[in-house]
Amino acid sequence: TQRNYSDSLRLISDRLGHIPLQNLTKAHVDALVTELLASGRRIGNVQRKGLSPRSVNIVLTLLSAVLEDAVRQGTLSRNVAKLVERVSQRKTEMKTWTEAQAAAFLDAVADDRLNAAWQLSLYGLRRGEVLALRWEDIDLQAKTITIRMARVEVTGVGVVEVEPKTERGKQTLPAGRWPAGRSALPEDPPGQGTIRERRGVQQRL
């Protein structure tokens with residue numbers, strides 16, 4: 001979130017920073033929206049790509065919040081960003097794999113060293129949630145997985161562990177069966193020992 005806000009502020013300051021607040025008009029903000037939709041993101045030093053409607057609306061919301069604060073402070077008489085219509089966002093239907101596709105994927109990663117992570121990701125966990133899992137979060141007897149933390153990368157800080165933003169994000173999930181009888185709590189690949197044995201080794205270290 002912090003990085004998204006920083007990126008949005010940079011987009012605003014790069015394009016409108018030279019304009020005094022009192023001289024900022026709706027036309028300026030309209031032009032900002034048009035430019036961001038056409039070429040808001042730079043790829044490398046040459047190619048430019050437009051931002052998504054959602055990203056542009058985030059920029060508008062942040063700009064409006066900044067201008068609204070200036071109005072409350074008496075620096076501005078009105079918030080021109082409020083006059084600009086938000087970009088319409090088309091909702092796309094989520095596409096998921098079929099059972100056959102999921103089974104084919106699991107077969108393809110069966111010997112991968114990150115096999116357990118791929119299975120957990122397919123189960124529905126986000127990348128940061130998979131990376132933050134600890135042994136105490138996994139109940140092999142009850143076959144449940146409890147989500148308590150997530151790992152995220154913060155610019156200038158590095159990788160940190162954070163709690164979910166809402167209580168809903170903290171949840172205990174049933175680890176049922178995968179297609180073709182596969183377990184969501186997989187055994188390790190042949191020759192590597194069971195997942196229970198590996199946990200025991202790690203706990204003794």
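At 6% relative accessibility, Ser 8 counts as buried, the term being used for residues under 20% relative accessible area, with exposed meaning over 50% and partly exposed anything in between (1.4 Å probe, protein chains only). Ser 8 is found in helix H1. Its contacts are with Ile 58, Val 59 and Leu 62, leaving aside residues up to four places away in sequence; contact means heavy atoms within 4.5 Å. Ser 6 is also found in helix H1. Ser 6 has 34% relative accessibility, and therefore counts as partly exposed. Ser 6 and Thr 155 are 149 residues apart in sequence, yet their C-alpha atoms lie 10.0 Å apart in space.

The model is predicted; local features need pLDDT of at least 70, side-chain atom pairs count only at pLDDT 80 or more, and totals for chains, interfaces and linings use all residues. Residues are numbered from 1 along each chain as its sequence is written, and side-chain values use heavy atoms, with hydrogens and water left out.

The mean pLDDT of the protein chain is 80, and 78% of its residues reach 70 or more. Here pLDDT is the predictor's confidence in each residue, from 0 to 100. Confidence is highest in H3, at a mean of 94, and lowest in helix H7 (residues 195-204), at 49. The pLDDT is below 50 over residues 187-195, a stretch with twelve contacts in the model beyond near neighbours in sequence. It also stays under 50 over residues 201-205, where the model has two contacts beyond four places in sequence.

The protein chain holds seven helices and seven strands. Helices (H or I, at least four residues) and strands (E, at least two) are DSSP runs, numbered from the N terminus. Along the sequence the pattern reads α-α-β-β-α-α-α-α-β-β-β-β-β-α. Of the 205 residues, 31% count as buried. Among contacts with a separation of 6 or more, 48% join residues 24 or more positions apart. The chain exposes about 14400 Å², of which carbon and sulfur atoms supply 51%. Accessible areas come from the Shrake-Rupley method with a 1.4 Å probe; for residues, only the protein chains shown count as cover.

Helix H3 covers residues 53-72. Its 20 residues, at 1.5 Å a residue, should span 28 Å, and the end C-alpha atoms are 28 Å apart, which agrees. The expected span is 1.5 Å times one less than the number of residues. Buried positions in H3 are Val 56, Asn 57, Val 59, Leu 60, Leu 62, Leu 63, Ser 64, Leu 67 and Ala 70. Just after H3, Gly 74 takes a positive phi of about 85°.

The largest nonpolar core has 21 residues, and those with the most contacts inside it are Leu 16, Leu 36, Leu 63 and Leu 67. Such a core is a set of buried Ala, Val, Leu, Ile, Met, Phe, Trp, Tyr and Cys residues joined through side-chain atoms within 4.5 Å. Helix H1 (2-16), helix H2 (26-39) and H3 are the elements that give two or more residues to this core. H3 provides the largest share, six residues. Leu 63 touches Ile 12, Leu 16, Val 29, Leu 32 and Ala 81, residues up to four places away in sequence not being counted. Apart from this core lies another, of eight residues, including Leu 125, Val 130, Ile 145 and Ile 147.

Ile 145 and Ile 147 belong to strand E4 (residues 144-147). Both faces of E4 are covered: Thr 144 and Thr 146 on one side, and Ile 145 and Ile 147 on the other, are all buried. In a regular strand the side chains alternate between the two faces of the sheet.

Three strands form an open sheet in the order E3-E4-E7, with antiparallel pairing. E3 and E7 are the edge strands, each pairing on one side only. Two strands pair if DSSP finds at least two bridges between them. Strand E3 (residues 138-139) is joined to E4 by two bridges, with Ile 138 and Ile 145 as bridge partners. Four residues lie between the strands of the E3 and E4 hairpin, in which Lys 143 takes a positive phi near 55°. On its other pairing, E4 runs antiparallel to strand E7 (residues 171-174) over four bridges. Leu 173 is the bridge partner of Ile 145 in E7.
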